Amino acid sequence: MNARLDLLATVDRGIAESEVFRLALQHSVAELGALGGAVHLRGPMSALRLVSSTGLPPRLVETWEILDQEGPTAPARAVRQDGTVRSAGTPGVWLPVPPGDDGGPVWPGSGFASVPVAGRDYEPAAPHPHRTVGALTLLLADPVAPTSPTGPTGPTSPTGPTGPAGPAGPTAAQWDFLRAVVAWAEERMAQAPPPARARTPGDEPGGRLRKALKAVQVGTWDWDIRTGELAWDDAAMDIYGTDPADFVPRVESWMKIVHPDDLPPTLAAAGKAIRNRTVFEAEYRVRRPGGGYGWTQARGRVVLDDRGEPVRMVGRAWDSNEARTSREALSRALRHMTDGFLSVDEEWRITFANLSAEQTLGSSEEELYGRILWELPSVRGVPGLEARCRKAAAAGRATGFDVRSPGTGRSFHLRIVPVPDGLTLYFTDVTERRRHQSERAAAERAAAARATRIAELTSALAGATTSRDVVEAVARRVLPPFGAGGLMVLAVERGGDRLSQIGSVGYPRGFIDAITRESSARGGPIWEAVRSGTPLFLSSAAEFMARYPRLRQRPSQAAKASWAFLPLIASGHTFGVCVIAFDRPRRLPDEDRTLLTAISALVAHALERARLYDAEHTRSQELQRGLLPRTLPELPACTAAARYLPAGQGMDVGGDWYDIIPLSAGQVALVIGDVMGHGLPEAATMGRVRTAVHTLAGLELPPDEIMGHLNEIVGDLGEDSYATCLYALYDSTTGICSFARAGHPPPAVVHPDGTVDFPLLAPDPPLGAGEPPYETVELKIPADGLLVLYTDGLVEAPGRDFDEGMAALAGLLRTADTSPAADLDRLCDTLTAGLLPAGRTAPDDAALLVARVHALAPDQMASWPLPTHPQAAGEARRHVREQLAAWDLDELAVTTELLVSELVGNVVRHAKGPVRLRLLRGAALVCEVGDGSLTTPRIRRASATDEGGRGLQLVTALTQRWGTRYTATGKCIWTEQALPGA
């Protein structure tokens with residue numbers, strides 16, 4: 001409500017009163033959901049006159065054009081009781097409407113809500129600050145329920161019944177809104193310009209309205225039916241040619257000036273209006289002061305007392321000389337108009353017929369006049385005409401429809417227009433017009449259908465990414481509308497003498513293969529369309545065989561009977577052909593041929609774009625596959641399976657990757673990462689990062705140091721380069737896994753009992769956006785537990801945020817088979833199918849790495865502390881000899897003793913303690929010698945005269961590989977030897 005009042009407040013001051021009433025009425029009706037409403041103002045002779053209405057039918061508006069201020073209507077009560085209403089604080093009048101109120105028709109509503117309107121411009125120079133000048137009234141169809149038995153109008157209020165006697169009326173808030181709108185209208189009325197001149201203090205009440213009515217030559221009259229007293233205003237005096245000084249206020253004064261021939265029917269019309277409580281209407285001649293007569297019209301309404309008895313009649317009068325002359329001219333024009341015209345009374349008797357109507361009905365005007373329309377043979381022969389006309393007349397509004405004459409086959413458009421004393425019927429011969437309209441409508445429908453097909457195909461081709469998409473769009477959007485049964489899209493290969501298949505629908509596979517194997521020397525319609533660059537249409541198999549006798553078996557092989565061969569031309573050259581085939585012989589009309597030619601141009605451009613995408617996408621996928629591991633290594637420390645799922649169709653390659661890197665002494669690195677963005681640059685960045693991880697992992701650096709180096713590498717690639725990474729280092733000898741995370745989702749750990757948790761790792765920023773150091777978290781992983789590493793594309797999706805995706809992943813892991821004997825490839829398929837269902841377009845690529853970790857058995861490990869004096873080498877050889885004998889590895893004893901002698905001797909000579917020896921038996925025999933020094937031994941080529949420097953050359957010759965690993969207390973030099981029979 002406040003919004004509407006604020007809107008009204010923005011209306012400019014000084015607008016016309018009619019605009020003020022219109023705005024106030026429209027906003028009141030809209031806010032209260034009323035059926036309609038009206039605004040009445042005081043006029044001369046104690047009558048309320050309608051000045052604005054909305055939403056009310058004309059028939060109902062007529063009964064409210066003039067209201068008696070002393071009558072029982074809601075506006076009259078609001079005007080009379082304004083003082084009572086204002087002093088009692090009552091918002092307005094609520095008057096329910098009983099059936100047959102005032103003897104008139106039943107209003108389609110429940111009641112009237114009326115609010116008095118005050119104004120200064122309608123009052124005399126009097127001491128009263130306000131005077132009621134009218135009322136704003138709404139017709140409410142469904143009033144709200146009462147809030148209390150003593151609501152705004154109360155049981156004792158003079159505003160009308162409430163409670164059980166009728167609906168309760170508007171709420172207090174709605175009454176307040178109506179009063180606020182009326183207050184706005186009162187303010188704007190005082191600021192409105194006068195209709196003619198400004199009012200002077202000597203003007204009488206209602207002077208403005210009287211001047212306005214006189215300016216338009218409309219007079220008002222008030223007749224007391226019981227006493228015969230008659231009152232005219234100044235405008236009525238002018239219309240009836242009477243000097244106010246000579247006027248006697250009796251009805252006899254009016255009867256004296258009415259033409260004697262017109263007085264009886266006029267009095268009869270007044271008597272009928274009084275008896276039936278209806279509107280009085282009449283046209284009659286009155287005597288002018290010069291002695292002649294002039295035509296006038298009058299219209300009035302009967303006013304009833306509280307008992308429903310007629311007491312007065314109030315109305316208007318105006319000069320109709322000019323209108324009557326116009327009607328006479330109109331009658332002559334109607335007589336000779338080309339369309340048929342009939343006028344009938346309320347009993348359907350013909351009162352007028354023009355020449356065209358006489359010809360159509362087959363009778364003269366004399367024969368037609370006075371006859372009932374339905375008795376005419378020419379009318380009775382039209383099926384259903386009488387029922388349709390009566391229905392249109394009952395509706396009370398102008399109606400038109402077409403009828404067809406059975407005898408002549410002609411079509412007529414019949415229009416029925418209600419008039420006060422009957423109906424008028426117009427009928428026009430529309431036979432040719434309807435035929436042309438039908439043909440034009442058919443052509444328009446065909447054109448609209450073609451435009452729709454082009455638009456739908458254009459939209460589908462715009463969204464097509466690959467060549468297969470283009471073929472599917474053509475099959476779905478072109479074949480059904482044309483009733484076609486086959487489609488072939490072929491491309492000319494680079495040599496120019498053979499064809500390759502892009503896609504087909506409705507053809508046997510063997511037939512397509514035979515077509516593509518044939519060279520251009522074979523000829524045929526396909527090559528003809530390619531060479532000429534113009535479409536070729538063959539309407540039957542006979543036409544095909546007559547034109548290409550060498551290929552007469554082709555129609556039966558393809559099981560087709562007619563074809564359209566459409567060359568595909570783009571960038572000025574023909575690169576292929578689209579063949580649309582039909583199962584039956586068919587000769588395509590020119591419109592269809594033109595449409596197919598236009599469609600082939602759209603398909604050609606879409607296909608050229610799609611082929612470029614196919615080539616680029618193929619290269620991108622080959623690059624992607626080349627950058628990812630081809631196979632995962634088989635390691636004693638873990639068993640793994642992985643999946644890479646590219647983004648949805650139309651997306652470039654992404655930067656997701658994974659890797660498993662075997663390290664020394666039963667250690668393995670599990671790595672997964674994601675380069676932000678899609679495209680070849682991101683894929684290249686992924687390749688660089690993965691290579692760097694391999695290099696840094698081979699140096700056996702701690703996870704946090706590896707992350708620091710990767711951050712520098714990614715940062716050097718540019719400000720827009722970012723990547724996430726998760727590096728997990730698993731030691732099978734201890735079961736401890738060290739994690740370092742740079743902006744990547746945490747891993748999922750699945751315990752042998754099936755429980756799932758996500759370790760709380762430090763949320764370090766992505767690579768390229770952070771600063772070292774990175775935090776390392778160590779976690780004990782039970783033997784045969786699962787480590788699940790993934791990228792965000794696996795868990796995030798439209799409509800599912802990151803947390804929901806992790807919860808879904810955990811749920812799948814709990815329900816899936818994660819036992820030690822479970823197939824990890826099947827587990828990967830279960831996870832990807834559950835998180836990325838088939839058929840759903842993924843917005844991002846995703847990588848998944850699942851690893852089952854294995855612990856090295858305690859009886860496959862042996863470790864001894866060693867002293868730092870020279871006797872340590874001998875002690876180390878003894879430990880090696882005894883342990884290898886226990887492991888049945890005596891074949892490796894001599895070599896291993898030589899290796900530990902060299903390694904321990906170097907430690908004693910060049911490093912510092914504590915010294916420790918460890919042997920590991922896994923897929924290979926690992927020998928480790930650790931010390932407290934951080935100095936890294938480096939192999940060098942010794943000269944012929946050097947006494948030392950050949951120890952590491954000996955180690956290299958005796959082992960598969962060797963290296964150095966830094967520990968928390970120093971370093972460790974390790975060697976790896978193949979087991980016998982491995």
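**View 1. Seven cavities of 30 Å³ or more sit inside this structure.** A cavity here is found on a 1 Å grid over the protein atoms alone, as a set of points where a 1.4 Å probe fits but cannot get out. Grid points are joined across faces, edges and corners, and a volume is the space filled by probe spheres set on the points. The model is a predicted one, where local features need pLDDT of at least 70 and side-chain atom pairs count only at pLDDT 80 or more, while totals for chains, interfaces and linings use all residues. Residues are numbered from 1 along each chain as its sequence is written, and side-chain values use heavy atoms, with hydrogens and water left out.

**View 2. The largest cavity holds about 160 Å³ of space.** Its lining counts 14 residues, and those nearest the centre are Trp 221, Trp 223, Leu 230, Trp 254 and Phe 280; a lining residue has an atom within 4 Å of a point. Two or more lining residues come from each of E7, E8, helix H9 (251-257), H10 and E9. H10 gives the most, with three residues. Helices (H or I, at least four residues) and strands (E, at least two) are DSSP runs, numbered from the N terminus. By class, this lining has 13 nonpolar residues, one polar and no charged. Here Ala, Val, Leu, Ile, Met, Phe, Trp, Tyr, Cys and Pro count as nonpolar, Asp, Glu, Lys and Arg as charged, and the others, Gly among them, as polar.

**View 3. Next comes the second largest cavity, at about 90 Å³.** Among the residues lining this cavity are Met 488, Tyr 507, Phe 511, Arg 554 and Trp 563. Helix H19 (509-517), helix H20 (525-532), helix H22 (554-558) and strand E20 (562-570) each supply two or more. The lining splits into 11 nonpolar, no polar and one charged residues.

**View 4. Five strands make an open antiparallel sheet, in the order E8-E7-E11-E10-E9.** Strands E8 (230-232) and E9 (279-287) are at the edges with a single partner strand each, so one side of each has no neighbour in the sheet. On average, neighbouring strands are turned by 25° against each other, direction ignored. E10 (residues 293-304) and E11 (residues 310-319) pair in the antiparallel sense over nine bridges; two strands pair if DSSP finds at least two bridges between them. Look for Val 303, whose bridge partner in E11 is Arg 312. Helix H10 (residues 263-276) lies across E7 (218-224), E9, E10 and E11, and runs at about 160° to E9. Axes are lines fitted to C-alpha atoms, for helices over the stretch in contact, and angles run from 0 to 180 degrees between N-to-C directions. Contact means heavy atoms within 4.5 Å.

**View 5. Asp 469 belongs to helix H17 (residues 467-477).** This residue is buried, at 16% relative accessible area; buried means under 20%, exposed over 50%, and partly exposed in between (1.4 Å probe, protein chains only). The C-alpha atoms of Asp 469 and Ala 610 are separated by 8.3 Å, though the two are 141 residues apart along the chain.

View 6. Most residues other than glycine have a negative phi, and most peptide bonds are trans. Trp 348 has a positive phi, near 65°, and is buried at 6% relative accessibility. Asp 784 also has a phi near 65°, but is partly exposed at 28%.

Methods:
1 Å grid on protein atoms, 1.4 Å probe; cavity = no way out; pocket = protein on both sides within 12 Å on 5 of 7 lines; lining within 4 Å.
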